[in-house]
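Please open the model in your viewer and keep a selection tool at hand. The tour below goes from stop to stop, saying what to select and what is found there.

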Amino acid sequence: MLMCRRWLVCSLRGQYRSFSFSASRRTVMPAWVIDKYGKNEVLRFTKNAALPIIHYPNEVIVKVHAAGINPIDISMRGGYGAATMAMKRDPLNINQRGSEFPLILGRDVSGEIMECGLDVNYFKPGDQVWAAIPPWKQGSLAEFVVLSANEVSHKPKSLSHVEAASIPYVAATAWSAIVNTGGLNKDNCAKKRVLILGGSGGLGTFAIQMIKAWGAHVTVTCSQNAERLVRDLGADDVVDYTAGPVEKQLQTLEKFDLILDNIGGETEKWALDLLKPWNGAKYVTLITPFLHNTDRLGLADGMMQSGVTIGCKVLKHLRKGVHYRWGFFAPSGPTLDEISEMVDSGKVRPVVEEVFSFTQVPQAFQKIEQGHARGKTVVSIAEEQKE
């Protein structure tokens with residue numbers, strides 16, 4: 001339905017083209033960048049970051065009003081996934097090693113369209129939008145960012161930019177894991193039992209609301225001091241992992257149709273036994289060795305090792321009547337269109353734990369590194385650029 005709407009609006013907006021933003025603008029902008037991989041000290045503020053330009057006719061330039069920070073930004077700051085990201089940026093291996101620097105982090109953006117490529121008809125300058133930025137692209141901790149139009153969606157009208165910046169990346173990841181990989185959607189989710197391992201962070205707080213809005217029974221693991229939050233978001237059962245072995249507590253409950261694992265580690269050793277056997281039940285983990293393997297072994301050998309690993313695990317658990325899957329982030333404007341409708345209809349709300357100013361980006365990264373999140377950390381950007 002929403003895809004059809006995108007096509008219709010594109011047809012009706014054929015007369016729109018970009019204004020002369022790129023022809024007369026300055027060539028630099030303020031941004032937080034890294035020039036090498038490392039800890040928080042590699043973050044550097046500059047007023048001379050290269051201002052993005054449109055290279056392809058399906059791209060748009062977005063003025064960033066607010067940016068969300070995710071655990072993947074912490075990992076990427078340290079070089080996690082560098083081999084795979086280099087391949088995505090430069091598939092023909094033309095550029096020298098380190099050509100990604102200076103690198104801008106930040107995977108969530110909420111802002112305003114400033115310029116559209118010639119093939120972009122669904123958006124126009126001035127549109128208020130949000131997006132989840134693929135990790136191989138320059139991020140949102142800057143004044144402007146360039147994206148493909150199919151990665152962008154109109155921002156929910158009911159949210160401020162700061163609120164909106166807390167949702168896209170976790171929403172796109174949760175949707176990919178639950179819908180594309182897990183096989184659940186608004187039409188078949190009713191009365192299904194879903195377990196979310198690690199439910200108080202950004203991804204968990206979004207996934208609880210989405211699945212509950214579709215009629216599922218939701219069980220969440222978290223610490224005791226996060227119980228009120230996840231129950232307010234719709235969790236039916238809450239298991240406190242600080243009150244003893246979490247697997248023993250979960251074993252007393254009815255078995256599940258889907259498990260979404262946002263923790264990893266030792267959970268695979270016991271979590272799949274909580275699924276309903278021979279009933280199409282799936283375990284989807286977002287903590288995979290794929291990027292670690294490609295960083296350690298190189299792209300070809302890393303992909304081969306990952307293929308062997310998941311193949312063995314799939315076969316091992318299939319013999320027990322359950323399905324083992326890896327979940328990955330997938331950028332999608334049409335997915336965010338669906339999420340925007342859920343937000344504006346009151347089915348999903350943002351969970352913002354803390355807001356930092358643009359000058360406080362290092363402190364925001366430190367906050368994420370501490371763990372035990374209760375929602376999302378957001379950086380407000382546009383207001384400071386007015387000063």
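**Aromatic rings**

Begin by selecting Trp 32, Phe 45 and Phe 358, which ring pairs link into a cluster; rings of Phe, Tyr and Trp (its six-membered ring) pair if their centres lie within 6.5 Å, and planes under 30 degrees apart count as stacked, over 60 as edge-to-face and the rest as tilted. This is a predicted model, in which local features need pLDDT of at least 70 and side-chain atom pairs count only at pLDDT 80 or more, whereas totals for chains, interfaces and linings use all residues. Residues are numbered from 1 along each chain as its sequence is written, and side-chain values use heavy atoms, with hydrogens and water left out.

The structure holds nine aromatic pairs. Select next Tyr 283 and Tyr 324, whose ring centres are 5.6 Å apart and whose planes lie at 25 degrees, so the pair counts as stacked. This pair links distant parts of the chain, 41 residues apart, with Tyr 283 in strand 12 (residues 282-285) and Tyr 324 in strand 13 (residues 323-326); helices (H or I, at least four residues) and strands (E, at least two) are DSSP runs, numbered from the N terminus. Tyr 283 and Tyr 324 are both buried, where buried means under 20% relative accessible area, exposed over 50% and partly exposed in between (1.4 Å probe, protein chains only).

Then move to Trp 326 and Phe 328, an edge-to-face pair with 6.5 Å from centre to centre and 80 degrees between the planes. Trp 326 is buried, with a relative accessible area of 8%, whereas Phe 328 has 38% and is therefore partly exposed.

**A helix crossing**

Now select helix 6 (residues 168-181) and helix 7 (residues 202-213), whose axes come within 9 Å and cross at roughly 60 degrees. That makes helix 6 oblique to helix 7, and their crossing is right-handed. To see the contact (heavy atoms within 4.5 Å), display Val 170, Ala 171, Thr 173, Ala 174, Trp 175 and Ile 178 of helix 6, which meet Gly 202, Leu 203, Phe 206, Ala 207, Met 210 and Ile 211 of helix 7.

**A threonine in a strand**

Which strand holds Thr 377? Thr 377 is found in strand 15 (residues 376-380), and at 1% relative accessibility this residue counts as buried. Leaving aside neighbours within four places in sequence, Thr 377 is in contact with Ala 67, Gly 68, Ile 69, Glu 354, Phe 356, Ala 364, Lys 367 and Ile 368.

Definitions and conventions. Axes fitted to C-alpha atoms, helices over the stretch in contact; angles between N-to-C directions. Parallel < 35°, antiparallel > 145°, perpendicular 65-115°, else oblique. Left-handed = near helix turned anticlockwise from the far one by under 90°.
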